[in-house]
Amino acid sequence: MSALTDESLIRAAIAAAAEADSDDVPIGAVVFAADGAELARAANAREARGDPTAHAEILALRAAAARLGDGWRLEGATIAVTVEPCTMCAGALVMARVARLVFGAWEPKTGAAGSLWDVVRDRRLTHRPEVRGGVLAGECADLLEAFFRRQRDLG
């Protein structure tokens, strides 16, 4: 990648998370090409779209593939996400052949990149992206904590 640091990638994902609808958990994902160019970004939109698969990672992967226009493979790409991906999202980025996953906060309840499961590094799969977790973890966790605190206060 170009001069982008993992911290700058996660800051882009934090900015994407800020675009989430107020009813959606603020998780952001950004896909970068091998040269560092941003291909796509998205925020969780499950509530806004009424779609259980509208996780930030899935939406960003779809948009990146559409932008490239030459198939579904995102070889050489890096995805930056504010929270450790779930099994669905981890599986999707493996299937998309993403080269690298960088994420912020660990997710011990549903994480599939080292916490609860480790789908992305399962040796039985034909593709295993490089993974770096815990980048700006505190800032990413703060987004979630603030969201859930607001939800409790409203409820």
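Begin by selecting L136, which sits in the loop between β5 (130–132) and α5; helices (H or I, at least four residues) and strands (E, at least two) are DSSP runs, numbered from the N terminus. L136 is not a glycine, and yet its phi is positive, at about 50°. Before going on, keep in mind that this is a predicted model, in which local features need pLDDT of at least 70 and side-chain atom pairs count only at pLDDT 80 or more, while totals for chains, interfaces and linings use all residues. Residues are numbered from 1 along each chain as its sequence is written, and side-chain values use heavy atoms, with hydrogens and water left out.

Next, select R97, in the loop between α4 and β4, where phi is again positive in a residue other than glycine, near 65°. R97 has a relative accessible area of 23% and is therefore partly exposed, a class that lies between buried (under 20% relative accessible area) and exposed (over 50%), with a 1.4 Å probe and protein chains only.

Now show the whole protein chain, which has five helices and five strands, and follow the elements from the N terminus on in the order α-β-β-α-α-β-α-β-β-α. The radius of gyration is 14 Å, close to the 15 Å that the globule rule gives for 155 residues, so the chain is as compact as a globular protein of that length; this radius is taken over C-alpha atoms, and the rule is 2.2 Å times the number of residues to the power 0.38. Buried residues make up 48% of the 155 residues.

Select I79 and look for its contacts (heavy atoms within 4.5 Å): leaving aside residues up to four places away in sequence, I79 touches A29, V30, V31, E57, L61, L93, V98, R100, L101 and V102.

Where does the tour end? Select I27, V83, E107, T110 and L144, which among the 20 lining residues lie nearest the centre of the largest pocket. α5 gives the largest share of this lining, four residues.

Definitions and conventions:
On a 1 Å grid over the protein atoms alone, a cavity is a set of points where a 1.4 Å probe fits but cannot get out, and a pocket is an open set with protein on both sides within 12 Å along at least five of seven lines; lining residues have an atom within 4 Å of a point.
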